[in-house]
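Open your viewer and get ready to select a few pieces one after another. This tour tells you what to pick next and what you will find there.

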Amino acid sequence: MVRFPRRRRDRSLEQTAADPLLSVDRLTVRFGGLVAVADLDLDVEQGAIASLIGPNGAGKTTAFNCISGINRPTRGTVRLDGRRVARPFTPVAFWGIVAIGLLTGLLVAAVAIDIDGVWLAVVKRPMAAGEPPRAATLGRRLRSYFRWELAVDRLGASWRVVTPDGREVVAIRRSREDASRLRDALQAAVTARRAGPGTVPEATDFGDAADAVHAVDGEVLDRLAAGKRAIRLRGWTALAAGWLVGAAGGYAVWRRGRRSPEVVAAAGIARTFQNIRLFEGMTALENVRVGLDWGHRGSRRIDDPEQVATEILAKVGLAGEAGRRAGELAYGDRRRLEIARALATRPRLLLLDEPTAGMNPAETAAVAELIRQIRDSGVTVLLIEHHMQTVMRVSDRVSVLDHGVKIAEGTPREIRRDERVIKAYLGEAEA
Amino acid sequence: MSLALPLAETVMSLEFIAQQVVIGLASGSLIALVALGYTMVYGVVGLVNFAHGDLFMLGGCLAVTLVEAAGPPQAGAPAAVGILLLVVLCGLFCGGLNLAVDRLVYRPLRESPKLAPLVSSIGVSFIFMNLGLFWIGPSDRSFPSLVPADNLLPFESLRFSSRDLLVVAVVVPLMAGLAVLVRSTRSGKAMRAVAQDPTAAALVGVNVEKVIGATFFLGGFLAGAASVVYAATITTIGFQMGFQTGLYAFTAAVLGGIGSIPGAVVGGLVIGLVRALGGACLGERWAGGIVFAVLIAVLVFRPEGLFGRRQREKV
Amino acid sequence: MAVPHDASASAGRRRRPVRWELPALVAAAVAPLLVPPLGGGLGGQVTILFIYAILALALNVMVGFTGILHLGIAALFGIGGYTAAILTVPTLPFGWPFAAAATAAVAVAAGAGLLLAAPTLRLRGDYLAIVTLGFGEVVKVALRNLEEITGGMQGLGPVPPPGAALEIGGIDLGREFVVDPRWFYWLALAALAAVVSGLRWLEGSRLGRAMAAVREDELAAAAVGVPVGRVKLAAFAISSAIAGLAGCLYVTSLSTTADPNTYDFQRSVLMLCAVILGGLGSIPGTLAGVAILVGFDTVLAPRADAWLQQVGLNTTGSSILSFSGWRLAVFGMVLIVMMRFRPEGLLPTRRGAGKLPPAAGNSEN
Amino acid sequence: MHPRTLLAGLVLAAVLTGCRGSDPGLVRIVSSLPRTGSARQQSDTVVRGIRMAIEEAGGRAGPFRIDYLDLDDSTAATGLWTSEAEAANARAALQDPDVVAYIGTLNSGSARVSMPILNYGDLLMVSPATTAVGLTKPDLGEFGEPEVYRPTGRRNFIRVIPADDLQGPLAADWAAGRGFERVFVLDDGDAYGKGIADLFAERCRELGLTVLGQDSIDPKAQEFRSLMATVAAAGPDLVYFGGTTQSKGGQVAKDLAATGIESPLLVPDGCLEPAFIEAAGREAVEGRCYVTFGGIAPERLTGRGRAFVERYEKLHGEPPEAFAVYGYEAARVAIHAITAAGVKDRRAITDAALAIRDFDGPLGRWSVDANGDTTLAALTVLAVRDGRFAFEEQLEAGGVDPGKAKTVVENGGEG
């Protein structure tokens with residue numbers, strides 16, 4: 001017998017043998033008006049084989065889907081080892097969401113402050129003026145943009161005094177010197193406007209550009225003066241709004257993945273599916289490798305994963321099929337491969353959804369034996385099964401579901417005798 | 001230069017906003033008409049019919065060909081009759097084409113993975129585009145102005161032209177008719193049943209393939225009708241116009257909740273408004289970008305759309 | 001089924017020495033020395049072919065490896081190209097050397113890919129496809145509208161050739177790259193070879209298996225602990241990085257970014273056609289798909305059209321009588337016919353996994 | 001394996017597509033123009049002009065036979081030029097040792113692609129239609145232009161059509177002359193369209209006209225009603241659109257009319273083709289649309305030009321469109337340069353072309369200036385009447401604008 005790769009034994013395993021490994025508390029699932037599962041309480045002891053039975057549509061698979069994170073329950077909790085199975089809101093998640101918000105905010109702000117204009121002011125204008133921007137001058141130019149200081153741009157043969165984003169032309173001059181002089185004078189006028197109405201400089205302060213400054217409409221000067229506040233307001237508002245939207249979006253996405261199957265799998269719960277879901281295009285060995293690679297991510301690295309994967313395949317009796325594509329395997333082999341893949345994740349709890357469905361008696365018996373072996377290797381098993389003989393033979397405890405409600409729970413022997421169970425289920429099943 | 005400052009003041013004016021709203025609603029209701037085709041087909045077969053926008057384009061091609069064949073338009077009542085006739089003819093043409101494509105291309109793929117028909121529909125879209133290219137040539141074609149662009153309102157700065165009226169006159173009855181059809185008739189009920197659960201519908205005796213065919217036909221008919229209205233109001237047809245219209249319409253359908261008919265209508269109107277107002281505020285060229293920003297935001301916060309149901313995978 | 005399925009044999013198979021890559025690489029590398037036209041106009045076209053092959057491989061990481069229908073790959077191609085152009089054109093102050101600009105292009109494209117992926121991680125397959133498409137449109141609009149940065153409709157140019165102003169042994173390398181197309185041919189070939197070997201490695205790696213698992217069954221993959229979101233992010237990053245590399249090579253070989261419409265939906269779909277025709281997930285298939293489709297589009301059709309006009313069959317230049325007039329229909333037919341009759345493509349992967357994923361399997365519940 | 005077969009096939013295809021050896025008695029002139037789509041009408045007349053020039057020269061230039069190759073820089077699917085095709089054409093021309101002259105392109109954007117490539121090979125490039133200022137004129141285009149198109153530092157580009165620094169401002173002069181006061185400027189964001197619109201707007205401001213606003217359209221959008229509402233709100237008495245038929249010039253005209261804007265529309269020569277009227281619909285432009293053209297209208301040509309027009313009409317049964325004579329002139333320049341150089345050497349031929357002075361052509365007597373531009377400076381304004389472009393007015397740079405004219409003359413004087 002190949003030794004099955006066991007997960008590191010942690011303290012909780014030994015000290016809390018009495019506490020249930022899995023405890024489901026008041027689990028309720030509604031689909032629209034239909035109540036699929038109602039107030040289900042379910043405990044599975046460490047090292048046991050528990051079974052969930054019930055007629056078709058009783059809500060067994062829905063309960064499974066909730067435990068394994070595929071469906072979100074309407075209400076109720078699922079605990080593994082007394083801890084809720086959900087991605088904790090770690091500092092990493094927090095800062096990630098903050099960062100996403102910041103990134104979104106920056107993007108929105110880039111649109112709002114007109115990143116194109118910033119580029120013009122910071123990169124292209126100095127380039128055209130023959131002073132290629134350097135890191136040292138970058139900050140200064142940015143500040144000047146946010147102060148909404150006028151600039152001089154060339155277009156065609158003329159020089160223009162423009163807003164820093166180059167979008168509004170205040171004046172046009174034939175030579176660069178003229179334009180620069182006018183810019184300085186206009187800037188002084190604008191700054192004075194900003195300071196308040198009483199501080200308008202004397203016309204003479206503008207020197208020979210005085211006429212030109214006075215030719216500029218007062219309204220225009222006011223608008224230019226207000227530009228500084230406007231651009232800052234726009235920038236900060238956009239940053240804040242973008243941050244809010246981005247962070248909210250990041251949180252929404254994070255929340256949606258909070259109890260996703262991968263989180264559950266990483267916590268140590270593996271499952272199989274009623275309608276087999278293998279990676280059909282990949283070989284049997286690769287199927288198992290995926291489980292080994294990613295399952296239960298807390299554990300140590302495996303030295304020779306290829307070897308371990310082969311051993312797991314051998315354990316379920318698929319040693320000879322390692323190189324075959326999963327889609328080509330015989331039906332029974334496919335079921336067993338799914339179990340092997342689940343086992344490869346080194347789970348603490350294995351959920352098996354009708355593992356013997358469609359099998360002949362010999363195969364069924366072999367699977368029952370396999371389930372016991374799995375239990376013996378230290379993995380707790382929760383089983384959904386229709387084949388009563390198997391259930392009664394392997395289970396330590398059985399819970400019975402009918403119309404989403406748990407109607408009975410106990411040892412196989414107790415269940416066999418339970419009136420309600422017989423009425424609801426066993427009677428017709430064994431008839 | 002996205003916005004020279006003198007315009008900033010005009011943007012503020014109420015009339016200007018009202019004008020943009022009128023434009024947005026007019027183009028939005030056209031988008032809604034096309035979006036209905038997406039949403040109905042998606043509701044029934046779960047296919048994002050990529051070729052829908054180009055089907056719309058082919059409708060426009062037929063309209064321009066028919067009008068040119070019919071000769072110069074006359075004013076007044078004959079124009080209205082002509083447009084009605086065009087709506088019906090182009091609708092039938094697009095509906096029939098859509099149905100034929102479904103039978104030829106999508107039907108054999110019903111059992112395939114869901115992306116297979118989607119990829120096929122991209123293929124159909126390209127073939128349609130090529131057809132359009134051969135049909136009307138690579139450059140834009142002018143559609144004779146059947147409806148005058150005169151202002152029906154007594155204002156200077158707020159225009160509601162006969163063309164806008166045409167949009168209302170065609171879109172509203174069509175949508176009302178569709179609503180009645182889906183709510184109250186036998187085939188409408190069958191359609192809704194198939195959208196709910198095709199297997200169950202088949203079990204209770206609904207001819208699923210027939211319903212799917214009818215859906216494709218109806219969706220196509222609406223696209224054809226929309227194309228005539230589009231041609232008469234915008235008066236330009238180009239072989240690449242289907243792509244963008246299709247994208248807007250799809251966005252509208254997703255926004256409203258794909259599969260939901262009222263959703264598509266509301267989505268279309270919202271997209272039209274967002275496009276017009278957003279374009280007016282941030283500059284015409286950003287209008288397309290704004291629409292997709294809306295799409296992403298909807299998908300992040302409410303993937304099922306405004307009116308949609310949450311989709312659940314069967315495990 | 002009499003094939004021996006011994007596990008170690010299967011394990012060994014992945015590490016087997018490359019079978020066709022090396023001879024093909026050698027043949028392609030010496031071809032310009034033996035075939036004169038490759039030193040002429042054809043050489044330039046084959047170079048473009050190599051670059052598109054890199055782009056198609058990038059798309060293959062998404063559609064083929066991970067099963068995400070990505071309809072906006074051209075946008076990432078464009079982002080890579082524009083980044084490289086901004087950093088190298090003489091009209092801007094940066095003037096980075098080619099290698100540095102290429103690295104930056106790859107990094108920026110990867111970042112953009114992550115930005116696209118972040119909000120879409122948990123979307124259904126068909127929605128995701130539309131979002132990628134929308135992303136492509138937004139990028140195109142942005143490239144067009146950020147006129148100061150991207151040059152608007154005129155694009156950025158002229159992008160200097162690799163090794164501009166670099167003289168080795170008296171040879172002006174920049175001039176050589178422009179005058180003799182073989183230099184670029186070899187550069188693109190080397191990049192292609194590097195991408196192919198990188199993807200080969202990825203295929204057999206832990207991440208590669210996770211991508212395959214996500215493609216096969218997203219839900220089952222999640223149920224065995226594959227962090228689907230992160231795997232998708234990785235796929236987006238890798239794919240975008242490769243697309244960025246292709247974009248950088250493209251603008252450098254063209255000497256301009258061309259106008260933003262170069263990076264539109266049609267380019268994305270052309271790449272998708274190539275990948276689907278060749279076989280989803282299959283590297284040789286993708287290369288064959290590009291050779292056939294892009295070869296038709298950029299090499300064969302223009303020549304055939306010129307020939308038709310010369311022999312007087314199509315004197316009026318009617319598009320119905322020209323091959324390139326039919327290109328859209330050809331792409332469309334390829335998609336439809338392949339989906340219907342051979343979804344695994346011409347050269348399917350050995351895994352035979354070249355089908356589309358069962359769509360949309362997903363975690364939106 | 002398949003890929004190897006493929007490779008073999010590729011190699012075979014390469015061999016078949018053929019490598020011709022160089023022939024010492026032959027020179028080849030290539031043209032690179034959009035030969036599909038709506039620009040085909042324009043490029044057809046250019047190609048006819050080129051063919052006529054070669055024919056007139058008896059198919060010979062000095063000691064060489066002339067072979068002419070008509071390359072396409074557009075794709076059929078969109079009917080627009082593509083960088084990929086233009087770069088491929090330039091490379092192919094460079095690689096073919098027989099090619100000594102490259103006539104093209106129709107669009108300024110595509111010239112930007114091929115100019116730096118051809119410059120490396122010193123191959124003479126003569127443009128019949130590109131008018132963007134940055135291609136040749138220092139200090140008028142973007143930063144770094146035009147040096148960036150001359151990586152070797154040598155010149156190889158000549159154009160026979162006046163640049164936009166003539167067309168844009170002169171159009172503004174015309175508008176001022178007609179008494180327009182409030183203009184709204186639109187453009188398509190392209191090198192050509194935005195460039196000319198900026199120049200137009202600048203000159204308008206200089207002349208004291210009010211520029212109410214300036215906005216770029218999205219040439220991929222289908223309609224501009226929302227934008228036109230903005231324009232209407234501004235209340236202009238003239239709308240200028242810097243763009244081409246291919247960048248939705250027709251739709252702009254149409255939406256303008258549909259929004260009830262009464263003011264006329266002024267467009268540059270990119271819209272000077274019947275396709276523009278077709279796209280706009282006659283009623284939208286009839287009598288209210290003016291087109292400027294940086295050259296001389298065919299019906300106003302005299303002397304050699306008259307002869308060309310007549311011969312063209314005889315050969316092709318229709319009057320030439322505006323660009324035909326420029327194609328003709330471009331080919332004549334190439335043939336003249338080859339003859340003057342007398343050797344099959346690209347540098348020598350290029351230098352011969354750059355040295356052209358007092359060239360007697362159909363457009364008049366002109367020289368190549370220091371930048372490679374023509375010294376001709378005429379602007380024709382046409383109006384749409386009866387669904388056709390009808391001559392409206394001809395402006396000479398000197399007459400209207402002393403400032404501008406001085407610049408032009410200075411440039412010319414240097415050469």
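Begin with chain A, whose domain assignment gives domain 1 (11-88 + 259-430) and domain 2 (94-251); such domain bounds come from an automatic or database domain assignment. Colour the two domains and look at their C-alpha centres, which lie 65 Å apart.

A word on what you are viewing: this is a predicted model, in which local features need pLDDT of at least 70 and side-chain atom pairs count only at pLDDT 80 or more, while totals for chains, interfaces and linings use all residues. Residues are numbered from 1 along each chain as its sequence is written, and chains are lettered from A and ligands numbered from 1 in the order in which they are written.

**Stop 1: chain A and strand β10**

Helices (H or I, at least four residues) and strands (E, at least two) are DSSP runs, numbered from the N terminus. Of the 431 residues in this chain, 45% are buried; a residue is called buried if 20 or more other C-beta atoms lie within 10 Å of its own, exposed if 12 or fewer, and partly exposed in between, with C-beta atoms placed from the backbone.

Now select residues 349-353 of chain A, which are strand β10. How many of its five residues are buried? Five of the five are, so the strand is largely enclosed by the rest of the structure. Show the side chains: Leu349(A), Leu351(A) and Asp353(A) are buried on one side, and Leu350(A) and Leu352(A) are buried on the other. In a regular strand the side chains alternate between the two faces of the sheet.

Which residue of β11(A) is the bridge partner of Leu350(A)? Click on Val381(A) to find it.

**Stop 2**

Select residues 397-402 of chain A for strand β12, where five of the six residues are buried. Strand β3 (residues 49-53) of chain A pairs with β12(A) in the parallel sense over four bridges, and Ser51(A) has Val398(A) as its bridge partner. With strand β13 (residues 405-410) of chain A, β12(A) pairs in the antiparallel sense over five bridges; here Val400(A) is bridged to Ala408(A). Zoom in on the two residues between the strands of this hairpin: His403(A) takes a positive phi near 50 degrees.

**Stop 2: where chains meet**

Show chain C beside chain A. In contact are 53 residues of chain A and 38 residues of chain C, where contact means that the C-beta atoms of two residues, placed from the backbone, lie within 7 Å. The side of chain A that touches chain C has 22 nonpolar, 14 polar and 17 charged residues. Ala, Val, Leu, Ile, Met, Phe, Trp, Tyr, Cys and Pro count as nonpolar, Asp, Glu, Lys and Arg as charged, and the others, Gly among them, as polar.

Move on to chain B, where 31 residues are in contact with 33 residues of chain D. Among the elements giving two or more residues to the chain B side are α1 (5-12) and α2 (14-45) of chain B, and α2(B) gives the most, with four residues.

**Stop 3: chain D**

Chain D is divided into domain 1 (24-162 + 302-366) and domain 2 (165-293 + 378-414), with 27 Å between their C-alpha centres. Their contact takes 17 residues from domain 1 of chain D and 15 residues from domain 2 of chain D.

Finish on the open, mixed sheet of seven strands in chain D, ordered β8-β7-β9-β10-β11-β14-β15. β8 (210-216) and β15 (388-396) of chain D stand at the edges with a single partner strand each, so one side of each is left without a neighbour in the sheet. Select β7 (residues 182-187) and β9 (residues 238-242) of chain D to see a parallel pair with five bridges, in which Asp187(D) is partnered with Gly242(D).

How values were computed
Pairing = 2+ DSSP bridges.
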